[in-house]
Amino acid sequence: MRRDRRRKTRQIRNLSLFAGLIGLGALLLSFIEYGESGKIVMGGREDLQVLRRFDSYLLEPEGTTFRSDGSIAYRWQADRANRQHNGEILLLSPIYHGIKNNTQAWTATARRGMLAADGQQLDLEQDVLVKDFIHEAKIITTALTLDIRNSTIDTRAPVRFTSPNATTTATGMHAAMQSEQVVFLADVRGVYDKP
């Protein structure tokens, strides 16, 4: 009887040891497969190195930034946000919602964007489209910078500005959002239609 108990105890110990080894192997395998921070790696080492450029990432994030008086300055969202080690956030398919007098005054969209670590500058690139809902205007360009702190938009790239009665093309533009002043920098061409 004692011999059977000892054998069962030995078998349980062996099974426990075996289960522990399997668990340790699974942990090691998941570490190798998913990387050190839980990021899923679908391919080889190159994919893992690309992911390690980022501190962390979020899928379908949304953010809100407030002014010093507590009102909403802007909202943003993206398909994905990759937070880099320096604090900047790479946004894939970002949408920026500019707020004026507590209503959405305009949006800016692009394929990519880089939000500064302090949240006060957003650089947009690739198929940039800015829509002004108050004046029914659009800005189309390849790259531009939104300076949140100073409420300005700048680009050195070719730009197309359309409103209900006019179309202007230029190389480079500066816009002050508070005063609603737009300055085209070079190679300015425009067409105006009577209302």
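Visitor: Are Tyr96 and Trp106 buried or exposed?

Guide: Tyr96 is buried, and Trp106 is buried too. Buried means under 20% relative accessible area, exposed over 50%, and partly exposed in between, with a 1.4 Å probe and protein chains only.

Visitor: What kind of model is this, and how are residues numbered?

Guide: The model is predicted: local features need pLDDT of at least 70, side-chain atom pairs count only at pLDDT 80 or more, and totals for chains, interfaces and linings use all residues. Residues are numbered from 1 along each chain as its sequence is written, and side-chain values use heavy atoms, with hydrogens and water left out.

Visitor: How many aromatic pairs are there?

Guide: The count is 2. Rings of Phe, Tyr and Trp (its six-membered ring) pair if their centres lie within 6.5 Å; planes under 30 degrees apart count as stacked, over 60 as edge-to-face and the rest as tilted.

Visitor: What makes the pair of Tyr96 and Trp106 tilted?

Guide: Their centres are 4.9 Å apart, and the limit is 6.5 Å. The planes stand at 35°, which means neither stacked nor edge-to-face by the rule. Tyr96 sits in strand 6 (residues 95–100) and Trp106 in strand 7 (residues 103–109), 10 residues apart. Strands here are DSSP runs of E, at least two residues, numbered from the N terminus.

Visitor: Why is the pair of Phe161 and Phe184 called edge-to-face?

Guide: The ring centres are 5.8 Å apart and the planes meet at 70°, so the pair is edge-to-face. Phe161 lies in strand 11 and Phe184 in strand 13 (residues 181–192), so the pair ties together parts 23 residues apart in sequence. Phe161 has 18% relative accessibility, so Phe161 counts as buried.

Visitor: How do you know that strand 9 and strand 10 pair?

Guide: Two strands pair if DSSP finds at least two bridges between them. Strand 9 (residues 121–132) and strand 10 (residues 137–147) have 10, in the antiparallel sense. Gln121 stands opposite Asp147 in strand 10. The two strands form a hairpin with 4 residues between them. In that turn, Glu136 has a positive phi of about 55°.

Visitor: Which strand pairs with strand 10 over 7 bridges?

Guide: Strand 11 (residues 152–163) does, running antiparallel to strand 10. Ile139 has Phe161 in strand 11 as its bridge partner. This hairpin also has 4 residues between the strands, and Ser151 takes a positive phi near 55°.

Visitor: Why is Thr155 called buried?

Guide: Thr155 has 6% relative accessibility, so Thr155 counts as buried. Thr155 is found in strand 11.

Visitor: What makes Asp127 and Arg111 a salt bridge?

Guide: Their closest N and O atoms are 2.7 Å apart, and the limit is 4 Å. Asp127 lies in strand 9 and Arg111 in the loop between strand 7 and strand 8 (112–115), so the pair ties together parts 16 residues apart in sequence. Asp127 has 47% relative accessibility, so Asp127 counts as partly exposed.

Visitor: Which residue meets Arg112 in a salt bridge?

Guide: Glu125 does, at 2.8 Å, N to O. Arg112 is in strand 8 and Glu125 in strand 9, 13 residues apart. Arg112 is partly exposed at 29%, and Glu125 is partly exposed at 32%.

Visitor: Why is Arg149 called exposed?

Guide: Arg149 has a relative accessible area of 55%, so Arg149 is exposed. The side chain of Arg149 meets that of Asp118 in a salt bridge of 3.2 Å, N to O.
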